[in-house]
Amino acid sequence: MQYDNGGELLVAHLESLGIDTVFGIVSVHNLPLVEVVDRHLRFVPVRHEATAVNAADGYGRARGSIGCALTSTGTGAGNAAGSLIEALSAGTAVLHVTGQVESQYLGSGRGFIHETKDQLGMLSAVSTYAATVTSARDAGRVLREASAAALATPGGPASVEWPIDLQYAAQKDAGEAVLSGEAPSPDAAELAAVQALLAKSRRPLIWAGGGARHARAELAALLEATGAGLLSSNSGRGSVPEDYPLVIGNFGTNPAVRALLADADVLVTIGTHFRSNETADYNLKLPEAHIQIDADAAALGRVYPVRHALHAEAAAVLPALTGAAVRADADWSARVSAVRDEVRAALHDDIGPQAALCDALAAALPRGAVVARDVTIPSSSWGNRLLPIHDPRANVFPRGGGIGQGLGMGIGAALARPDEPTVVIAGDGGLAVHFGELLTVAQERPRLTLIVFNDGGYGVLRNMQDKYGERRSGVDLFTPDFGPLAAACALPYARIAAPEEAAPVLEAALASDGPTLVEVDLTALGPMKNPFTPPVKIPTA
């Protein structure tokens, strides 16, 4: 195939991936790409390159596929790096196409406009794949290789730097296919041992990580066949709808769940990283009879000892487990359901007046609608646990823990699924990182409800300093008046200052066919019963 320029080639490739919306910032070093994308697809001009990647990430997560971000050279590519780290941490598929200086000056170090030292090295450090387009004949191959790497297991962002002269050049694409690796296959003896172990188990538990989201039907069948309790990491939420009575969810470190783990006779873990904040800094104890399934061989036994390691895609191996498993003892399944109810009731009570917001969202959101959650107290305390998730594509949050990325992810998710509402849960401190994206929301008018929990600063760190220190440092911030701020951005605005206001305000916002900024005045609403602090170690005398 021949194309007039790189933009035409890029659009053809994006259409082959099913991508209809691209996020980025136009520049002298990506102009031919942006112009053609804007002519044939939807180009969303975000206000910061980090948001371009976050939005592409959220778009891909909400669709269960891949998103695309376009950025510029040097500083522009560097601005994108933090969000590439998030996609790398989460293993989510993003195609990041960035500009580069003219190929004749590449690597010359002469200070050509936008040039930076070793841009490819920087991108390689924060991407699962990074490459340079070196001729007008290899751009198509590079784009296909990058997309395949992003979509493979364990996946992540793939970055392509494209010199500007080669973007303008006519492209000739040979269309060579990208060779895919063979799917991993579990050791037959290990699989037989696992089947024998499950055939004797009467107190089983399953832990679903992000790798389980690609095996939803198979996991549900195993759960139904065994009557096992299902724990999840934050990434695995929604792999089985969380209103299923055996789904305990993201409560692994809760004392009642620890007791279940202590009494279980087998634990099957599926595609999880056992992150520090979900295992009490790895102090959570797992059963000795631990079966780990992961398509990434490096993950097997990396954090916890494993009795049986199955190197396989979950969807491929779970049916063999289901066929061998027997039903758990009835009193075990009953105990699982009781623990599920216990941990939810306790958390609902613990968050005090914020429970009204959780309840209102659960009631008003369509089943499976996206809830994008920035790193903030409401997300960490109840959004990541109590607010029900029924579809992994609805579960959008910064898995690497970086603050300020939620709005960008929400914008991408809302434009990926324009026919249903998207909610973003953010704090005033996190939102301030990318206030400029309120202008993107105002311009694009997605069906997005932005809920800003305003406590005048970084509440999580404030609580830590109040608990462990003698003074506050850097946590109390000037916060704008959100009503006039919303008006300046032509955004509808509402305020919640009491629990009884949550349901009517959120119902109206979610019913809207456009954006709304909802401020939750946490001072007026009142405190949680216990101030939330993150599960990190603080040395004390």
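Me: Is Val536 buried, partly exposed or exposed, and what's its relative accessible area?
Reply: Val536 is partly exposed, at 42% relative accessible area; partly exposed lies between buried (under 20%) and exposed (over 50%), with a 1.4 Å probe and protein chains only. This is a predicted model, where local features need pLDDT of at least 70, side-chain atom pairs count only at pLDDT 80 or more, and totals for chains, interfaces and linings use all residues. Residues are numbered from 1 along each chain as its sequence is written, and side-chain values use heavy atoms, leaving out hydrogens and water.

Me: Where does Val536 sit in the chain?
Reply: Val536 is in the segment after helix 21 (522–525); helices are DSSP runs of H or I with at least four residues, strands are E runs of at least two, and both are numbered from the N terminus.

Me: Switching to strand 4: how many of its residues are buried?
Reply: Five of the five, residues 67–71, so strand 4 is largely enclosed by the rest of the structure.

Me: What about strand 2 and strand 4, parallel or antiparallel?
Reply: Strand 2 (residues 21–24) runs parallel to strand 4, joined by two bridges; pairing takes at least two DSSP bridges between the strands. Phe23 stands opposite Ala69.

Me: And how many bridges link strand 4 with strand 5?
Reply: Five, again in the parallel sense, with strand 5 covering residues 94–100. Ala69 stands opposite His96 there.
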